[in-house]
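Dear colleague,

Please find below the structure that I am handing over to you. My notes on it follow directly after.

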Amino acid sequence: MHRVTPEIESLSKEILTYTMDRLKMDPPTLDHPLSQTALEEAAGQTITESGLGGESALRLFIDKLAPACISEDHPRYLAFVPTAPTDVSTLFDLIVGASNICASSWLEGAGAIYAENQALRWISDIAGFPPEAGGVFVSGGTAGNLSALVAARHDWRQKRPDHAAQRGLIISSRGAHASVQQAAHVMDADLIQSGGHRLTGADVAATIAALSETDRSRLFAVACTAGTTNLGIVDDLEGIGAICQQNSVWYHVDGAYGGAALAAPSTRRLFNGIETADSFIVDPHKWLFAPFDCCALIYADPAKARRAHRQHGDYLEVFYDGTWNPSDYAHHLSRRARGLPFWFSLAVHGTKAYADAVEVTLDRAREAATMIDAHPHLELVTDQQLSICVFRRLGWSPEDYKSWSDQLLENGIGLVTPTKHEGETVLRFCVVNPRTSSDDIQQILESL
Ligand SMILES: Cc1ncc(COP(=O)(O)O)c(C=O)c1O
């Protein structure tokens with residue numbers, strides 16, 4: 001199993017051929033899920049005592065399993081938050097696997113960590129974070145939000161001994177992603193959802209003013225959103241930052257989806273105030289064209305995160321010689337150098353190409369909003385800020401939305417799923433793929 005035999009050599013060619021064929025598909029087949037029973041029928045028992053052999057196992061994946069997975073990079077996949085990795089980032093992912101780097105400590109992964117840190121630096125720079133800012137790539141926004149909030153609570157507990165026995169409190173908003181609520185749950189902390197769809201400094205100030213003295217002392221973080229998942233709204237980052245500063249509360253910004261628009265000149269001003277945050281996340285696997293799984297988690301003062309996250313043990317102390325250890329900045333130890341595909345693509349294409357590609361998707365979403373506006377049966381539900389359009393089909397019931405969405409997928413046209421806005425079932429486009437064209441949008445709108 002650990003020797004490159006002639007069989008492995010020929011398998012490697014097949015794997016590379018498949019990889020290249022998949023990359024060249026324009027568009028890739030959309031595909032669709034199959035039931036457990038259908039997959040059992042199609043793929044059968046895949047793990048056997050003597051193994052299937054490389055060629056058969058690969059064919060099984062290509063012919064039976066891959067078609068039961070939706071291609072997230074399909075240009076008419078506009079549901080949830082899609083992903084559209086650049087070709088070079090996907091290719092480099094193969095190298096990351098082959099290089100077998102443990103990017104936890106400088107001792108083990110210095111070269112990879114150096115490169116990851118440069119990619120993090122670019123993100124820090126477009127956010128206006130200080131020169132000493134730094135962090136780590138984690139698996140996704142959920143892990144990023146949790147790790148940032150754990151660091152926030154640790155910092156709060158270190159400030160006053162009586163905080164050690166207190167249950168912490170976070171202020172967030174109705175528009176915040178479910179992962180913020182989940183983080184509070186995991187941390188056994190309380191969460192207050194303040195404000196409306198766009199959280200403002202005034203909302204946070206009013207929520208803090210209404211707290212009892214005890215609850216005020218339990219407040220350790222405000223977690224706002226730079227690009228809400230459902231509506232694409234950027235909270236009032238400047239106003240919230242000012243209130244956090246006045247109240248000496250950790251300020252976390254979840255830009256998992258929207259943070260990419262920091263790179264685009266046409267939307268950069270929406271993010272003014274982010275530079276005052278204590279921590280910030282953006283997922284390159286969403287709108288910065290990297291493959292799964294990749295979330296950039298950045299702290300203004302990494303020492304605070306280090307105090308919260310560093311793991312100690314006799315065998316680990318060798319790491320702690322003043323070098324930069326990514327394991328210190330999140331809830332993890334061993335880690336894949338998952339920032340490298342993103343770094344490689346940035347290094348190959350340059351940051352201008354990134355800014356341009358984000359602008360292309362923003363333009364496409366603006367165009368989609370105009371087309372929706374002009375459509376006789378459709379109505380925009382909210383003003384579009386980033387690359388999300390939310391709209392209703394006049395006269396439709398929730399069942400109509402669901403059967404239309406199912407049909408769209410069944411026909412291999414696209415994936416657009418219903419969501420809710422203030423209790424009403426509506427539709428939502430999220431455009432992050434520069435390959436999504438006006439014709440793609442038109443094709444979907446025509447079926448409404
Ligand atoms: C704003 C926001 N935060 C957090 C997340 C969670 O990210 P992940 O799915 O990478 O854990 C998402 C996912 O869509 C998101 O949009």
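The buried residues of helix H14 pack against helices H11 (284–287), H13 (340–349) and H16 (438–446), and against strands S8 (378–380), S9 (388–393) and S11 (424–430). Here contact means that two C-beta atoms, placed from the backbone, lie within 7 Å. Helices (H or I, at least four residues) and strands (E, at least two) are DSSP runs, numbered from the N terminus.

This is a predicted model, in which local features need pLDDT of at least 70 and side-chain atom pairs count only at pLDDT 80 or more, while totals for chains, interfaces and linings use all residues. Residues are numbered from 1 along each chain as its sequence is written.

The buried residues of H14 include Tyr 354, Val 358, Leu 362, Arg 364 and Ile 372. A residue is buried if 20 or more other C-beta atoms lie within 10 Å of its own, exposed if 12 or fewer, and partly exposed in between, with C-beta atoms placed from the backbone. In the protein chain as a whole, 44% of the 448 residues are buried.

The secondary structure of the chain amounts to 16 helices and 11 strands. Of its contacts between residues at least 6 apart in sequence, 73% join residues at least 24 apart. Its C-alpha atoms fill a box of roughly 65 × 65 × 45 Å along the principal axes.

The ligand is surrounded by 14 residues, the closest being Gly 140, Gly 141, Thr 142, His 177 and Ala 256; a residue counts as near if its C-beta atom, placed from the backbone, lies within 6 Å. Helix H6 (residues 141–159) gives the largest share of this shell, 3 residues.

With kind regards
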